[in-house]
Amino acid sequence: MEQKTQKLSNRKVILLIAAVLIAAVAMFGIYKVFMPKGQTGAKEITVTVVHADETSKDFVYQTDAAYLGEVLKSEELVEGTEGEFGMFITSVDGETADDSKEQWWCITKGGEALNTSADQTPIEDGEKFELTLTEGY
């Protein structure tokens, strides 16, 4: 009797894991279909870099790129490491984030934090982005 109960419990766990995996794959597929798409064609964007000492510098780019990450990399404004969601920015305009101080580069658009990496952030003509060295996770 106890063995039968254990087998039933194991089946429930396996079915639950399978259901979670199927849901995760479905959500990923939905995201890929409906994720924001970049605008094609010539455009101009402005990227403001705010350094640790709170000085800022504007960079204006003319580009045909569809995503912010493409522009930042091609113009060699940023350096970083590639990850699952694109590049994790570690250095901007020659300033590197210091992990020991919990520093990281925050991407904002019009002062609002973005929920996408630079590689997944679509751009349109006239948009303004900020890269701010932020301290604290």
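**Notebook: one chain, looked up piece by piece**

I began with the order of elements, which from the N terminus reads α-β-β-α-β-β-β-β-β-β. That comes to two helices and eight strands; both are DSSP runs numbered from the N terminus, helices being H or I with at least four residues and strands E with at least two.

A note to myself before going on: this is a predicted model, where local features need pLDDT of at least 70 and side-chain atom pairs count only at pLDDT 80 or more, while totals for chains, interfaces and linings use all residues. Residues are numbered from 1 along each chain as its sequence is written, and side-chain values use heavy atoms, with hydrogens and water left out.

Five strands make an open sheet, ordered 2-1-8-6-7, with mixed pairing; two strands pair if DSSP finds at least two bridges between them. Strand 2 (56–63) and strand 7 (112–113) are at the edges with a single partner strand each, so one side of each has no neighbour in the sheet.

I then followed strand 1 (residues 43–50), which runs parallel to strand 8 (residues 128–135) and is joined to it by five bridges. In this pair I found V49 opposite L131 of strand 8.

**Entry: T63**

Is T63 buried or exposed? I found this residue in strand 2, and T63 is buried, at 13% relative accessibility. (Buried means under 20% relative accessible area, exposed over 50%, partly exposed in between, with a 1.4 Å probe and protein chains only.)

I also checked what surrounds T63. A polar atom of its side chain lies 2.9 Å from the backbone nitrogen of A65. Beyond neighbours within four places in sequence, T63 is in contact (heavy atoms within 4.5 Å) with G41, A42, K43, V71 and I123.

**Entry: helix 1**

Here I turned to L21, which sits in helix 1 (residues 2–34). L21 is exposed, its relative accessible area being 54%.

**Entry: whole chain**

Last, I noted the totals. Of the 137 residues in the chain, 31% are buried. Taking contacts between residues at least 6 apart in sequence, I see that 56% join residues at least 24 apart. The chain exposes about 9,400 Å², of which carbon and sulfur atoms supply 57%; accessible areas come from the Shrake-Rupley method with a 1.4 Å probe, and for residues only the protein chains shown count as cover.

Notes. A polar contact is a pair of N or O atoms within 3.5 Å; within protein, one must be able to donate a hydrogen and the other to accept it, and residues adjacent in sequence count only if both atoms are side-chain atoms.
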